[in-house]
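Subject: Structure for you to look at

Hi,

Here is the structure I promised to pass on. Have a look at it first, and then read my notes below.

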Amino acid sequence: MTETALYMLHDLNDIPNYPLPSGFHFRLYNRENDHETWAKIVTATNEFSSEQNALQRFNHEFSIHPIEVKKRIIFLETTDGQTIGTATAWFGEWNKETIGRLHWIEIIPGFQGKKLGKPLIYEAMKLLSQYHQKAYLKTQASSQAAIHIYSQFGFKPVYNTNEEQTTWNHIFEILKKRA
């Protein structure tokens, strides 16, 4: 069963800064095989069942915008050059307006829990703010840890229906109990 998509919005005016720990750096998509690197990362985080499926999604979603890809896909690397994460400062339609989209925030399992997620999100949001005044993201109710982090960045839940409001209320009650 597929979970219902939930959305969050941010005005990109106030972005909390989370510095990247030493031993890591960011770079933009700029290498010939970076589409394969992206596919390896999102497959390692179980977003796709195979790298081939991930590449199909990349081609469908990103390859049609080659100039934007080079300006908007971020990679997180170790100082020895191992690429261990990615984030995309993309764009999308929201109420008939093109705004920023925080998209595909992924860190390979061996590097999760090392205080890299918030700096990666910060870097993507900083990049989004260069192109847009506001941004959205898409998530789901089972991603409560991510929702908690997005809330810390100032993303606000969007609800257009009573069902969405009930879902958000339930999520925030669970998060409050965990705090």
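The lining of the largest pocket is made up of 17 nonpolar, twelve polar and nine charged residues; here Ala, Val, Leu, Ile, Met, Phe, Trp, Tyr, Cys and Pro count as nonpolar, Asp, Glu, Lys and Arg as charged, and the others, Gly among them, as polar. The pocket itself holds about 1200 Å³ of space. Of its 38 lining residues, Glu 47, Ile 105, Glu 106, Ala 146 and Tyr 150 are the closest to the centre. Two or more lining residues come from each of strand 5, helix 4 (117-131), strand 6 (135-139) and helix 5 (144-152), and strand 5 gives the largest share, seven residues.

A few words on terms. A pocket is an open set of points on a 1 Å grid over the protein atoms alone, where a 1.4 Å probe fits, with protein on both sides within 12 Å along at least five of seven lines; lining residues have an atom within 4 Å of a point. Its volume is the space filled by probe spheres set on the points, which are joined across faces, edges and corners. Helices (H or I, at least four residues) and strands (E, at least two) are DSSP runs, numbered from the N terminus.

Please keep in mind that this is a predicted model, in which local features need pLDDT of at least 70 and side-chain atom pairs count only at pLDDT 80 or more, while totals for chains, interfaces and linings use all residues. Residues are numbered from 1 along each chain as its sequence is written, and side-chain values use heavy atoms, with hydrogens and water left out.

Next, strand 6. Four of its five residues are buried, so strand 6 is largely enclosed by the rest of the structure; buried means under 20% relative accessible area, exposed over 50%, and partly exposed in between (1.4 Å probe, protein chains only). Strand 6 pairs with strand 1 (residues 6-10) in the antiparallel sense over five bridges, with Leu 6 opposite Thr 139. With strand 5 the pairing is parallel, over two bridges, and Arg 101 has Tyr 136 of strand 6 as its bridge partner. Strands count as paired if DSSP finds at least two bridges between them.

Thr 86, in strand 4, may also interest you. Thr 86 is buried, with a relative accessible area of 0%, and its side chain reaches the backbone oxygen of Ile 74 at 2.9 Å. Leaving aside neighbours within four places in sequence, its contacts (heavy atoms within 4.5 Å) include Trp 38, Ile 41 and Val 42.

Trp 104, in strand 5, has a positive phi of about 50° although it is not a glycine, and it counts as buried at 11% relative accessibility. Lys 96 has a positive phi near 65°; it lies in the loop between strand 4 and strand 5 and is exposed, at 84% relative accessible area.

Finally, Asp 80 sits in the loop between strand 3 and strand 4 and is exposed, with a relative accessible area of 64%. A polar contact of 2.2 Å joins its side chain to that of Thr 78; such a contact is a pair of N or O atoms within 3.5 Å, where within protein one must be able to donate a hydrogen and the other to accept it, and residues adjacent in sequence count only if both atoms are side-chain atoms.

Best wishes
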